Amino acid sequence: MSNYIYFTPEEKARAQNTDLVSLLRAKGERPIRSGREYRTPNDPSVTVRGNKWYDHSERVGGYAVSFVQRYYRLSYQEAVLLLLGRKDGKRYEQAQSAPTEPKPFALPDPYDNMRRVYAYLMRQRHIDRDVITGFVREKLLYEDVHHNCVFVGLDGCGEAKHVHIRSTNSQGKTFRINIEGSESIHSFHKNGTDKSLYVFEAPIDLLSHITLYPYGWLEHSYVACCGTSIQPVLERLRQNPKLDTVYLCLDNDDAGNEACDRMRDALGGMGLDVERLTPRRKDWNDDLCAKFEKHKEDAT
């Protein structure tokens, strides 16, 4: 857009204060809940909350106007026109002020059995029963009253500090979130006895990798970052200084590969041996499900 357009200070402020989740939804997209934030569907490394955005892969962020410029590849003036509704005739919600008092962290109430979680993880995700039971016995996995998978992260004293929830729905709405108040550095993990640490994005991929490669898994340490932040990895290394080998097992997509590059640079600079383990498909559960289907075909 070559002609200069004047915007009043009030118009600029209204554009900047646009609620980005409502904007994405109005554009027909489905942002994915992740704790207090939402991940954009086209780029999971970018999160939005209110009128703010942050790109975890590039470590940059800003407000609504710059988000629209980057996400929809528009000029500044085109972005402001869109947010003001003068480009497509739509009006977008304004971001609400964040509550001053955060909700305290609390574990979800458990259900009295784990039938649905076992059924979901074994029948739909094809994870080995013994692997599931191993985490259940360490109180790192349970079923809540809504029949969700609850993946628990403990601190160094064994106190729950992080919860990642994954719905077990096979039909209808599914979701995965880190509950409010969770401390990201204590995300879902298992401590081992040897010197190796395996790093994943999601708890289900962690369990899937163990199912695919079970040899020695009780001796290895594992962490699911519940995203692509390096902070949970650094916390595992801080708590267990004998770890000297890190296997980066993040997703085989742009966000996962970029996160692995960042982690490799940071961890290599700490004198650690770092190796990238890449799933053949997008993630380790995709590989596990494909292996199951192949075995099923071979048996028929």
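I started with helix H4, whose buried residues pack against helix H1 (9–16), helix H2 (20–26) and helix H3 (64–71). Keep in mind that this is a predicted model.

How much of H4 is covered? I counted 7 of its 8 residues (76–83) as buried. They are Gln77, Glu78, Ala79, Val80, Leu81, Leu82 and Leu83. Just after H4, I found Gly85 with a positive phi of about 85 degrees.

Next I looked up the cores. The largest nonpolar core has 37 residues, and Leu121, Ile127, Phe135, Leu141, Leu206 and Leu207 have the most contacts inside it. Helix H7 (residues 203–212) gives the largest share of this core, 5 residues. A second, separate core holds 23 residues, including Phe7, Leu24, Val46 and Ala64.

I then picked Leu141 and ignored its neighbours within four places in sequence. Its contacts include Met114, Val117, Leu121, Ile132 and Phe135. Also on the list are Val136, Cys149, Val150 and Phe151.

Last stop was strand S11 (residues 196–200). It is largely enclosed by the rest of the structure, because 5 of its 5 residues are buried. Ser196, Tyr198 and Phe200 point one way, while Leu197 and Val199 point the other.

Which strands does S11 pair with? I found 4 bridges to S13 (residues 245–248), running parallel, with Ser196 opposite Thr245. Another 4 bridges join S11 to S12 (residues 221–224), also parallel, and there Tyr198 has Tyr222 as its bridge partner. H7 turns up again here: S11, H7 and S12 make a right-handed β-α-β unit.

How values were computed. Residues are numbered from 1 along each chain as its sequence is written. This is a predicted model: local features need pLDDT of at least 70, side-chain atom pairs count only at pLDDT 80 or more; totals for chains, interfaces and linings use all residues. Side-chain values use heavy atoms; hydrogens and water are left out. A nonpolar core is a set of buried Ala, Val, Leu, Ile, Met, Phe, Trp, Tyr and Cys residues joined through side-chain atoms within 4.5 Å. Buried means under 20% relative accessible area, exposed over 50%, partly exposed in between (1.4 Å probe, protein chains only). Helices (H or I, at least four residues) and strands (E, at least two) are DSSP runs, numbered from the N terminus. Contact means heavy atoms within 4.5 Å. Two strands pair if DSSP finds at least two bridges between them. A crossover is right-handed if, with the strands pointing away from the viewer, the path from the first strand over the helix to the second runs clockwise.
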